[in-house]
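Dear colleague,

Please find below the structure I am handing over to you. My notes on it follow directly after.

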Amino acid sequence: MPFGQIAEITGADAFQLEAADTDQVQQALYKRFPALEKRAYAIAVNKVIVKDNTMLSSGSVVALLPPFSGG
Amino acid sequence: MDLWLLCFHHFLEVSMTVAYNQDRYSRHLMLKGFGGDAQLKLTSARVLMIGAGGLGCPALQYLAAAGVGEIGIVDDDVVSLSNLQRQVLYRTQDIGKKKASVAAAQLHELNPDIRVTPYLLRLDTSNAIELFSGYDIIVDGTDNFATRYLINDACVILRKPLVFAAVFQYEGQLAVFNVPDAAGIKTNYRDLFESPPSAADAPDCNEAGVLGVLPGTMGMMQATEVIKLITGLGKPLINKLLIYQALEAESYTVSLQPSQQAAALAPQTAEAFQRMDYEWFCNATINKVAELDPETFETLTELADVKVVDVREFGEYPRARFKHTQIPLSLLLQEIPAFEEARIVVFCQSGKRSLQAAAIIKETIKPHQEVYSLKGGILAL
């Protein structure tokens with residue numbers, strides 16, 4: 001699920017990917033959306049923020065959350 | 001002895017009634033689960049709002065209306081016409097006046113029983129620690145990463161609860177930092193984003209636009225979290241980040257965990273904090289792009305072997321009246337064309353998107369080529 005500026009690159013809707021872990025998700029996304037590679041974002045797997053590569057299971061939901069600065 | 005007890009009771013009752021006006025807060029006092037105890041806690045609370053803009057205006061209004069006893073407002077900016085689309089404390093006649101002063105005056109009229117202190121200053125590492133020390137809860141309603149990291153780090157050092165919100169176009173983020181949960185675990189902004197992105201990576205409202213009502217929603221959610229923290233009611237958004245999507249009318253909440261590597265990047269003491277340069281820290285990558293002043297820009301655009309690129313989106317005004325090519329930043333992000341010219345000069349509206357564009361182009365050019373960004377954008381010409 002993409003949010004904010006990430007959605008501007010990938011399109012707003014959630015989509016499905018085949019990946020064993022979050023590193024593979026990132027690689028697949030960078031191939032499809034090269035502009036994403038330079039972007040800052042946090043990754044949440046099943047609604048938990050993860051810092052390191054995280055194993056995924058079937059149906060896992062990965063969200064890419066960019067930082068917002070506006071106020 | 002009986003007489004003394006009676007007096008004591010009487011004194012207590014009197015002190016309770018002078019602490020707050022029963023009629024003003026009657027809807028709180030009659031509210032099941034709220035009542036006099038919660039109202040008294042609000043009356044004795046001290047809250048510091050940083051930024052009296054889109055988030056600050058609604059947060060301040062509701063905190064003042066709710067009877068938060070002491071409110072500080074930090075803002076060194078003045079009201080401008082484009083603020084009025086969302087910053088609802090200000091009127092057209094306030095344009096040019098200091099936001100913190102106007103806001104303080106408005107809040108005083110709303111609720112003369114509370115104390116409101118405007119601080120007409122720019123928050124920095126030399127004043128943050130002392131300023132924060134005088135308040136129980138800090139509310140971040142600023143509009144840039146440098147100040148957001150500064151506030152976060154100061155709150156971590158002081159162990160001060162921080163109610164965070166930020167907006168981007170149609171989405172908002174909300175969190176309560178530095179407040180331990182039942183297990184004693186607490187998190188902060190760096191546990192979400194260890195270090196700041198470049199300013200170009202996350203444009204502010206001036207650059208990206210914002211739905212006017214969105215900061216209103218987020219600011220009121222901040223006020224709600226502040227009231228929950230003060231009164232102990234409900235479950236504050238501790239160790240969580242809520243993302244509100246206005247267009248879908250949906251929210252998405254994720255959990256945060258403390259990150260040791262994030263903590264290692266933050267200053268550990270007040271002394272280390274005061275030595276930090278947050279402006280530099282937040283713009284380190286962007287600073288490497290050479291920026292042109294308007295004079296140099298105009299000279300350069302007349303030379304041969306120069307490519308001038310407008311990276312604004314199609315249809316943005318004012319139109320450029322000099323020779324240029326338009327490649328919107330959104331297209332540049334998808335694909336960077338191969339430029340043949342020796343110099344590539346990019347510009348946008350205010351000079352922010354062009355910095356990002358220049359940084360992207362810079363990574364693809366050949367050794368003999370140079371990329372420049374027009375400082376201040378077309379509006380500076």
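Is B:C155 buried or exposed? B:C155 is buried, at a relative accessible area of 0% (buried means under 20%, exposed over 50%, partly exposed in between, with a 1.4 Å probe and protein chains only). B:C348 is also counted as buried, at 0% relative accessibility. Over all chains, the search finds 0 disulfides (pairs of cysteine sulfur atoms within 2.5 Å).

The model is predicted: local features need pLDDT of at least 70 and side-chain atom pairs pLDDT 80 or more, while totals for chains, interfaces and linings use all residues. Residues are numbered from 1 along each chain as written, chains are lettered from A and ligands numbered from 1 in the order written, and side-chain values use heavy atoms, without hydrogens and water.

Chain B holds an open sheet of 5 strands with parallel pairing, in the order β9-β13-β12-β10-β11. Strands (E, at least two residues) and helices (H or I, at least four) are DSSP runs numbered from the N terminus, and two strands pair if DSSP finds at least two bridges between them. The edge strands are β9 (290-292) and β11 (325-326) of chain B. β9(B) pairs with β13(B) (370-374) over 3 bridges, with B:A290 opposite B:Y372.

Helices α4 (56-66) and α5 (99-110) of chain B pack at about 30 degrees, their axes 9 Å apart (axes are lines fitted to C-alpha atoms, for helices over the stretch in contact; angles run from 0 to 180 degrees between N-to-C directions). α4(B) and α5(B) are therefore roughly parallel (under 35 degrees).

Yours sincerely

Definitions and conventions. Angles under 35 degrees count as roughly parallel, over 145 as roughly antiparallel, 65 to 115 as roughly perpendicular and the rest as oblique.
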